Amino acid sequence: MSSELIQASTKRLRAIEVSRGMKTMIGALIALAVICEIFVPDSVSKGALLGMLPFAAVLAIISLGQTLVVQQGGIDLSVAGSVSLAVVYVTRLPQQQNSQLWKAVLVALASAVVVGIINGILISRIGINAIVATLGMSSLEYAVIMAISQGSPRRTTNLLNHIAANLFLGIPDSVYFAVIATVLVTLFLKRSISGRRFEAIGASPRAGFAAGLKVQKHQMVAYVWAQLLYCLAGILLAGILTQPTAYQGDSLVFPSVTVVVLGGTSLLGGRGFPAASAVAALFLQQLNQMVLTLNVPFGIRTLVTAIALLIGIALYTIRWELVRARYREFTSKRKVGAVSA
Amino acid sequence: MSNSPLVLSNISKNYSGVAALREVSLEVFAGEVHALLGENGAGKSTLMNVASGTTVPDAGTITVDGQVIEKLSPKLASELGIAFVHQHPAVLPDLTVAENILISIPRKFLKSSGSANAAMRTMLDDFGLNVDLKERVSSLSVAQKHLLELAKAFAIRPKILILDEPTAPLGQESVDLLFDRVGRIIKEGTAVIYITHRMAEVRTLAKRVTVLRDGKFRGSSLVSDITDHELLTLIVGRELESTFPAKHVSASSDQEFLRVEKLSSDEFFDISIEAKQGEIIGISGVVGNGQSALLRALAGTASAQGEVTIGGKVYTQKDLINNVAYMPADRHGEGLMMSLSVRENAALKALHSFKSGLLVNRNREVKTVTDSLNSIAVKTASVDTLVSALSGGNQQKVVMTRALLSNPTMLIADEPTQGVDVGARAEIYAILREIAQKGIPVIVASSDAKELEGLCDRVYVMSRGHIVEKLEGEDITEAEMVKAAVASTTLIKQKSENETPQKKSGSIRRFIKGDFIPPVVLSIIMVGLGIYIHSKNGRYTSSFNINSVLQLVAALGFIAVGQTIVMLVGGMDLSVGPMAGFLLIVASFFVHDGSKMTSIIFAFVLMFVLAVGGGAMNGVLIRYGKFTAVAATLTAYIGIQGVSYMLRETPGGYINQNVSAKITGSLGPIPVAFIILGIGSFALEYYVRNSQWGMRLRAVGSDEESARRLGIQINKTVISAYILSAVFAGFGAVMLMAQLGIGDPAQGTSYTLQSITAVVLGGTSLLGGRGSFIGTLFGSMLLIQVLNATTFLGLSQTWQYLFQGLLVIAAAVIYTTTRASKGKK
């Protein structure tokens, strides 16, 4: 009997579960690195990497937020407005005065919380379709952006530029922000009480409700955390770019959804894999870098994103064993048909 | 044998090795009611699914009218005149009563008495269904939906009519009416198979009765030749190979611990239960008689009136949620998070006890969970194994571990041994007994009377939401429980019995809740806005401005109409904007000044061929690739945009001016394209409400499962909707050709958001099933008007964004809250 007992394994190794999405993305990243090294060495030169990493970090931070929303069965297209808004706050409000930066950051964070709460109420309480609510919200955020900046933000303050773009031990600071954010989000999900409940509700809202958990509250919280992460990403982006536009978030919406899907989180909701999303962000950014180095037109780069998304979804949603069975059935039928003909 | 229209002989059916039917035979005769009796899981429904073609038997023959049917499909069954009224009506909530009839009944049955409407009215009146034909079915009560199903089945004068527990949701008057109609239809020669659990109904209606048990034929007889007692002995006597723990030995010191007083909701009525410490309480009854609803109320996940007292303390619903452990019957859907690990599932309700500092202490959690799992011998490779990898019995034990770890004040278990093997069953019984001995009241609901007989110290039998019997001690036997259930004659209580007259001014209420109020409201807003802008700037109403605004409306309108079609089937097409942009680029290669006529014609053909291809790709990915609508069309959005940029990195390719002039041609100030859009919207509106195609479209969006049962081809319908959406994006692209005059890859994408906004403004539901093309037309007009207004009022871009955002959110909030009573999520 004792042999059947489960051993209480407290080995630390088991504490870190490696999801399928994570394995896939690490594999893909290694493969990509090898391909780049052999065929497009310029795309992995030190300069290229230092240019790519900050943007990968920004995308990774956004994808963490998107993962939280998607795992609750939602989708957040307000990334466009939210990132742009954060950029505009931290460039417009301080007027290039370092001493004013912290105020701008506080305003940006407060605004993010408000946006997140409104999104959450609209979607989880009132029950509005997530796409409609977040697209509408993005529009409202752009109204604020236009009101503040008339469409043209200022230069970044030197301090912010220093914080975001400085190299520490040879690695851009923004990467540390992304790593810390990833660790914190993972720790929240795996080790905090509300994070564990959050994850359980994402995995099955019905079972969460039956277990007496507050489903709506947790679903709402996802949108608030997401906004805070977009806000952080926007602030870093303003620092990295030094001369950002007012539409900086627009080009990040679809990549953010793409990397979440690549990381293995289903658009139907379920279990969320924030760390895998972050790795996927690095993958997608490097893929972009490679294509960019090859000097192919913008169209092909866009197409590459689409194909990555398509493969990502197909990888996790199509039930391949069924497809194989169908194919076998089909081919055997054809053989029979050929014989009878 | 012309008077036995249906003979089933030696039917066998296995489900993954478990025999559901073993060589069961049944012969039904024309002009009489044949009752089919048996406990849950006796095989009645499976047998009837075989008879109606939905289940293919492993062995046995089906003979209809003397002809042996090789392979009976649902379609063939209905052609042969076999009608089946299921326990859960297959109605389409977003369609009207009339549409629900029209979509499923061949027109020839509606020709008898003049107009189709008159025929339908007669048909409903016949069942006392006093609702307007234009009423949306979602606003009907459960009983009314059921009567609608019965009316539909009777109207086609079937040769064989199968009724599955038809009286379950009905009140007294409707039951009388139904019995009368059954009497009438058998006089016309129909054979009726009547599934029931109630002896009284058998005596009233049936001439013959057949009893099944454990998938086996137990006996068949003329009703007049058999006594109630004999029938009961045929029904009961299931063998259950399981061992039960010893029952509670009552002592005088036992105190009453649990008291439920007059608990009521929509599904159960005046339930009073009491239990002493150490007892296991059983809730018996045929599945679906209010047991699960009662348990949910006791667990606090549903509200009810009445009082629950545990250990002398009155528990509110919130207290119940926080203190009662609940094991739902649907283990995969409600009991467990299947994609999480054993540990995560088990620890869910006890996380606070592992807390150290801000975080959950992993070592403590693993140790406690492991100990608890071991204490009830859960077999799993490790605590971090996914719970979905465990057997049914072990999964149930994980649910129990969660309950145990939460230190509950009461344990509620709904069908705790469903899908659990014999060995694990005994263990689960032992665990339940152990919990009860600790002084925690345990309430177990089970449709398996034998299980309750072995396990419980006190059993309440429920029927139609009422407690009809209370059994204690020696009386707790399967026979007593079944007897109480089959002998009961109680009926469900209904707040608004169908017979009560409809609220007055039904048509006004319907209009306000209907699809045509949005256009009315939108026009009022538009006129008001127009007057205001005109007062500020007289040029606003110049024919030039009206013309240019309506040109813009035409472009958006066509795209939004396509979006509406997709939303009617419950989907969403994010790719419409890039699709329109892409088709414009395609045109910009062929339609230049000086291009030959053939080249121009070729361009238009190519545009629409590509649109059909793109739409089909979306549809196929969604239906066959099982992509969500968002996933598929988002991929298409990015991909199509990429292709556009590949074809033209920068704007280029001027569109032929003559072609542009044709497209923008006007009658007075009104563009021809807008007139076409207007007429098209009204035509589509009519078509989607009155044609079979339109009803199918809405049926799929309303309730896919019901639509499938009605024989609608879901895949075909959905894919065609996406193709049409892309084709309408093509019409939008034609408008863009003239408006932009050049192939610009950056254009088009904004139409995705705008089309969704227009559709939402027009009142189309994003849940599918209901919407209006006229609403979409007006929504497009208002959106363009607002965007145009900002320029005339000298407002900045800020206001454009603000209005666009506010419009869509406000519309979504208003429609969602006013229609919240729909009960659809």
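Axes are lines fitted to C-alpha atoms, for helices over the stretch in contact, and angles run from 0 to 180 degrees between N-to-C directions. Helices (H or I, at least four residues) and strands (E, at least two) are DSSP runs, numbered from the N terminus.

This is a predicted model, in which local features need pLDDT of at least 70 and side-chain atom pairs count only at pLDDT 80 or more, while totals for chains, interfaces and linings use all residues. Residues are numbered from 1 along each chain as its sequence is written, and chains are lettered from A and ligands numbered from 1 in the order in which they are written.

**Exercise 1.** Describe how helix α2 (residues 46-71) and helix α10 (residues 215-241) of chain A pack.

*Solution.* Start with the geometry: the angle is about 170°, and the axes lie 7 Å apart. Angles over 145 degrees count as roughly antiparallel, and α2(A) and α10(A) are therefore roughly antiparallel to each other. Next, look for residues in contact (C-beta atoms, placed from the backbone, within 7 Å). Among them are A:I61 and A:L68 of α2(A), and A:W225 and A:L229 of α10(A). Finally, sort by class: Ala, Val, Leu, Ile, Met, Phe, Trp, Tyr, Cys and Pro count as nonpolar, Asp, Glu, Lys and Arg as charged, and the others, Gly among them, as polar. The contact has 19 nonpolar, two polar and no charged residues.

**Exercise 2.** Now do likewise for helix α4 (residues 101-125) of chain A and α10(A).

*Solution.* The axes come within 8 Å and cross at roughly 150°. This pair, α4(A) and α10(A), is therefore roughly antiparallel too. By class, their contact has 18 nonpolar, seven polar and one charged residues.

**Exercise 3.** Work out the strand layout of the open sheet that contains β12, β11, β14 and β15 of chain B.

*Solution.* Take pairing first: two strands pair if DSSP finds at least two bridges between them. The four strands run in the order β12-β11-β14-β15, with antiparallel pairing. At the edges stand β12 (271-276) and β15 (313-315), each with a single partner strand, so one side of each lacks a neighbour in the sheet. From one strand to the next, the twist averages 20°. Zooming in, β11 (residues 256-264) and β14 (residues 305-310) of chain B share five bridges, and B:E261 has B:E307 in β14(B) as its bridge partner.

Methods
Angles under 35 degrees count as roughly parallel, over 145 as roughly antiparallel, 65 to 115 as roughly perpendicular and the rest as oblique. Two residues are in contact if their C-beta atoms, placed from the backbone, lie within 7 Å.
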